[in-house]
Amino acid sequence: MKTESIWKSGVEPPRFEPLRGDLKTDILVIGGGMAGVLCAWRLAQAGADCVLAEAGRIGGGVTQNTTAKITCQHGLIYDKLIRRFGLEKARLYLAANRAALEEYRALCQTVDCGFEPKDSAVYSTKDRGKIEAELKALARLGAEARLEEAPPLPFSAAGAAVLPNQAQFHPLKFLYSLAPKLRIFEQTKVRQLAPGWAETSGGVIRAGQIVVATHFPILNKHGGYFLKLYQSRSYELALKNGPDLGGMYVDEDPQGLSFRNAGQNLLLGGGGGRTGKPGGGWAPLEEKARRYYLEAEPLCRWAAQDCMTLDGVPYIGRYSRRAAGLYVAAGFNKWGMTGSMAAAMLLSDLLLGRDNDFAPVFSPSRSMLRPQLAVNAWEAVSSLLRPGPRCPHMGCALRYNKQEHSWDCPCHGSRFDEQGALLDNPATDDKKGM
């Protein structure tokens with residue numbers, strides 16, 4: 001069985017030259033994943049002078065490992081948002097993601113990317129009350145959700161909250177169709193960054209405005225993202241000849257399973273947990289696949305890594321109050337496809353001087369006073385005190401990941417292979433002397 005995302009099979013990526021020499025532009029977008037490419041694409045459509053710099057190849061990071069669900073339903077989030085922020089901000093969060101979904105729906109009419117309308121559902125195996133509370137919250141927000149008493153899962157469930165007419169697609173086909181229209185430099189790593197300029201492996205790029213869309217923000221000096229974010233790892237299997245479930249399903253329990261079909265294949269996800277912590281991996285997921293789908297054949301397996309915020313809402317907007325001209329899109333909390341489009345729509349408005357009603361909801365400068373902050377701080381302190389090889393990002397002790405044969409950082413999620421080559425940021429350099 002291949003350890004590779006199903007989306008990479010049979011798809012040829014476009015190629016772009018690295019930067020060679022200094023450059024000046026109005027707007028620089030750093031990061032060639034879904035958020036960065038969509039932001040650059042919207043800016044280019046508006047006629048802006050924009051350049052995108054990618055350290056590796058576009059779509060070669062988190063985007064190629066997504067489950068590619070395009071939905072406003074991000075777990076049982078709306079009941080939490082109403083209690084945490086109030087009805088109006090919850091309504092704006094829903095509206096921003098609805099707008100992102102509809103933008104995909106319109107754009108995918110002209111792109112061959114396997115776009116399919118699908119119902120989205122969050123189920124619970126044992127707590128019907130959580131499902132009913134979420135349905136009440138969605139009703140208060142004007143969403144037409146419904147209760148599904150017996151979802152078509154290989155085990156019993158207490159019910160599911162279903163949001164109709166969401167979507168799924170092939171993320172790399174979509175991304176690769178937009179990229180040739182943009183001015184992109186691949187293999188162009190940003191080594192130093194400050195308002196107004198970025199020093200890269202190929203030269204200095206000077207820009208009046210800069211968007212950091214690097215999954216985990218790479219500039220530690222501003223914004224406190226090393227405290228506001230942590231990373232979570234999750235695992236995926238593609239099963240040939242699995243049953244067609246007719247929709248997209250995810251457990252409200254973070255330790256549960258997710259399901260979606262992709263052509264003749266069933267994608268089964270789960271086994272997640274904080275990057276750098278013990279547990280999880282493919283083994284428990286493969287055991288469940290054998291238990292529930294005896295006739296299905298495993299095709300490939302892969303892992304995804306997601307940035308998680310303190311309060312469940314992404315950070316989109318000004319990088320910090322003190323960093324003029326710097327913007328960020330990060331922390332999509334496992335819902336990066338809808339989040340990437342919402343980020344591109346919001347940031348393109350801000351960069352072009354337009355008003356956007358959703359900006360206050362996603363502001364990176366909102367309060368950090370959430371329980372998760374203490375957890376993140378404790379992980380940082382305990383990792384700094386623990387012996388072992390150190391992460392070059394901020395010096396935390398790395399832990400060995402037996403499932404993936406990598407060294408992972410429990411503080412901020414940087415990962416390295418057994419020879420020390422960088423696999424995942426926020427570290428920007430290899431780990432020497434492994």
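A cavity, for this notebook, is a set of grid points where a 1.4 Å probe fits but cannot get out. The model I am working from is predicted.

**Entry 1: cavities**

I searched the whole structure for cavities of 30 Å³ or more, and the search finds 1. The largest cavity has a volume of about 40 Å³. Which residues line the largest cavity? I listed His74, Tyr93, Asn97, Pro314, Ile316, Phe332, Trp335, Gly339, Ala342 and Phe362. Two elements, α3 (87–107) and α8 (336–351), each give two or more residues to that lining. Next I sorted the lining by class. I got 7 nonpolar, 3 polar and no charged residues.

**Entry 2: helix α8**

I checked the length of α8 next. Its 16 residues should span 22 Å at 1.5 Å a residue, and the end C-alpha atoms are 21 Å apart, so the two values agree. Is α8 mostly covered or mostly uncovered? Mostly covered: 15 of its 16 residues are buried. Just after α8 I noted Gly353, which takes a positive phi of about 75 degrees.

**Entry 3: Leu101**

I moved to Leu101, which sits in helix α3. Its relative accessible area is 3%. The cut-off for buried is under 20%, so Leu101 counts as buried. I then looked up what Leu101 touches beyond four places in sequence: Ile70, Cys72, Asn165, Gln166, Ala167 and Thr338. I also took one C-alpha distance. Leu101 and Met341 are 240 residues apart along the chain, yet their C-alpha atoms are separated by 7.9 Å.

**Entry 4: the nonpolar cores**

How many residues does the largest nonpolar core have? I read off 76. Tyr78, Tyr104, Phe169 and Phe174 have the most contacts inside that core. I followed up Phe174. Leaving out residues up to four places away in sequence, Phe174 touches Met34, Leu38, Tyr104, Leu107, Cys108, Val111, Cys113 and Phe169. There is also a second, separate core of 28 residues, with Ala53, Ala198, Ile218 and Cys307 among them. I set a general remark beside this: in soluble globular proteins, nonpolar side chains tend to be buried together.

**Entry 5: Leu326**

I looked up Leu326 in strand β18. Is Leu326 buried or exposed? Buried, with a relative accessible area of 0%. Its contacts, not counting residues up to four places away in sequence, are Leu193, Pro195, Ile210, Leu219, Gly317, Arg318 and Tyr319. For a distance, I took Leu326 and His222. They are 104 residues apart along the chain, and their C-alpha atoms are separated by 9.8 Å.

**Entry 6: positive phi**

Most residues other than glycine have a negative phi. His215 has a positive phi of about 75 degrees although it is not a glycine. Where is His215? I found it in the loop between β11 (203–212) and α6 (225–228). At 21% relative accessibility, His215 counts as partly exposed.

Lys334 also has a positive phi, near 75 degrees, and is a residue other than glycine. I placed Lys334 in the loop between β18 (326–330) and α8. Its relative accessible area is 35%, so Lys334 is partly exposed.

Methods. Residues are numbered from 1 along each chain as its sequence is written. This is a predicted model: local features need pLDDT of at least 70, side-chain atom pairs count only at pLDDT 80 or more; totals for chains, interfaces and linings use all residues. Side-chain values use heavy atoms; hydrogens and water are left out. A nonpolar core is a set of buried Ala, Val, Leu, Ile, Met, Phe, Trp, Tyr and Cys residues joined through side-chain atoms within 4.5 Å. Buried means under 20% relative accessible area, exposed over 50%, partly exposed in between (1.4 Å probe, protein chains only). Contact means heavy atoms within 4.5 Å. On a 1 Å grid over the protein atoms alone, a cavity is a set of points where a 1.4 Å probe fits but cannot get out, and a pocket is an open set with protein on both sides within 12 Å along at least five of seven lines; lining residues have an atom within 4 Å of a point. Grid points are joined across faces, edges and corners, and a volume is the space filled by probe spheres set on the points. Helices (H or I, at least four residues) and strands (E, at least two) are DSSP runs, numbered from the N terminus. Ala, Val, Leu, Ile, Met, Phe, Trp, Tyr, Cys and Pro count as nonpolar, Asp, Glu, Lys and Arg as charged, and the others, Gly among them, as polar. The expected span of a helix is 1.5 Å times one less than its number of residues.
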